[in-house]
Amino acid sequence: MAPITAVALEGIPPISEGDDLAALLAEAMPPGAPAAGDVLVLAHKVVSKSEGRTRRLSSVTPTARARELGARLGKDARHVQVVLDESREVRRAEHGVLIAVTHHGFVCANAGVDSSNAPDDDTVILLPQDPDRSAQELRSRLRDLLDGPAPAVVITDSFGRAWRHGQCDIAIGCAGLLPLDDWRGHHDSRGHRLSATVIAAADELAAAADLARAKDSMQPAVLVSGAGRHVSPDPGPGATALIRSEAQDLFR
């Protein structure tokens, strides 16, 4: 197989609501890029900012539940209220963290509501309303702007993992990518038939891309080459295909 490389794009300015993110990404492409089979991996915050998915805490009136949770967890009740607004369900509230199920179906800390890389202390950034749709629209726009083929697009966020320390970037939205590489029914190198192996290719690309930048580098976009076997000309099923149903989830 071809080697997989990940290169952070330079020169992307701070993003605000209404900015033409696709045009800025196209301008940041290195000469000759993207090539067929490339994948453009984006930290969700630039997508969220361009779509206006932010809240000003000064405009939030916390409910009694938000005030109670805020006092118990040592968190700003207004921030807690935004988390509740972005949640379908709160699973746990411990150690200063709300483990929530977002309206998308993601299980994560604080429903993805985050103040890091926000433009000021009064602003928190939310996840995109529909990350798969955002990825599809960016890919379509890039197809119009670029001379070569449009890359697949993966939108990411950092999630914790059950039973493991540290966070890892995962795919919350994607387009033009087969997010799961299903090896069931195939055989390993010794001829054993595989019955459970389904590789989360979109998540692995998200994590690999995150290694190509630093958290304080202001490099929200990474171009990954060499993963063309996972790229599709069609939009594909999106990152929603990665979400395990509650009936199959042994951790809930």
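The structure is a predicted model, in which local features need pLDDT of at least 70 and side-chain atom pairs count only at pLDDT 80 or more, while totals for chains, interfaces and linings use all residues. Residues are numbered from 1 along each chain as its sequence is written, and side-chain values use heavy atoms, with hydrogens and water left out.

The protein chain holds six helices and 12 strands (DSSP runs, numbered from the N terminus: H or I of at least four residues for helices, E of at least two for strands). Along the principal axes, the C-alpha atoms fill a box of roughly 55 × 45 × 30 Å. Of the 252 residues, 45% are buried, meaning under 20% relative accessible area, against over 50% for exposed and in between for partly exposed (1.4 Å probe, protein chains only). Among contacts (heavy atoms within 4.5 Å) with a separation of 6 or more, 61% join residues 24 or more positions apart.

Seven of its 10 residues are buried, so H6 is largely enclosed by the rest of the structure. These buried residues are Ala201, Ala202, Asp203, Leu205, Ala206, Ala209 and Asp210. They pack against several strands, including S1 (5–8), S2 (39–43), S8 (152–161) and S12 (221–225).

Turning to the aspartates, Asp181 sits in strand S10 (residues 181–182). Asp181 counts as buried because its relative accessibility is 14%. Its side chain makes a polar contact with the side chain of Trp183 at 3.1 Å; such a contact is a pair of N or O atoms within 3.5 Å, where within protein one must be able to donate a hydrogen and the other to accept it, and residues adjacent in sequence count only if both atoms are side-chain atoms. Not counting residues up to four places away in sequence, Asp181 touches Thr197, Val198, Ile199, Arg229 and His230.

Asp122 lies in the loop between strand S6 (107–109) and strand S7 (123–125). With 18% relative accessibility, Asp122 also counts as buried. A polar contact of 3.2 Å links its side chain to that of Arg56. Leaving aside neighbours within four places in sequence, Asp122 is in contact with Arg55, Arg56, Leu57, Ser58 and Arg78.
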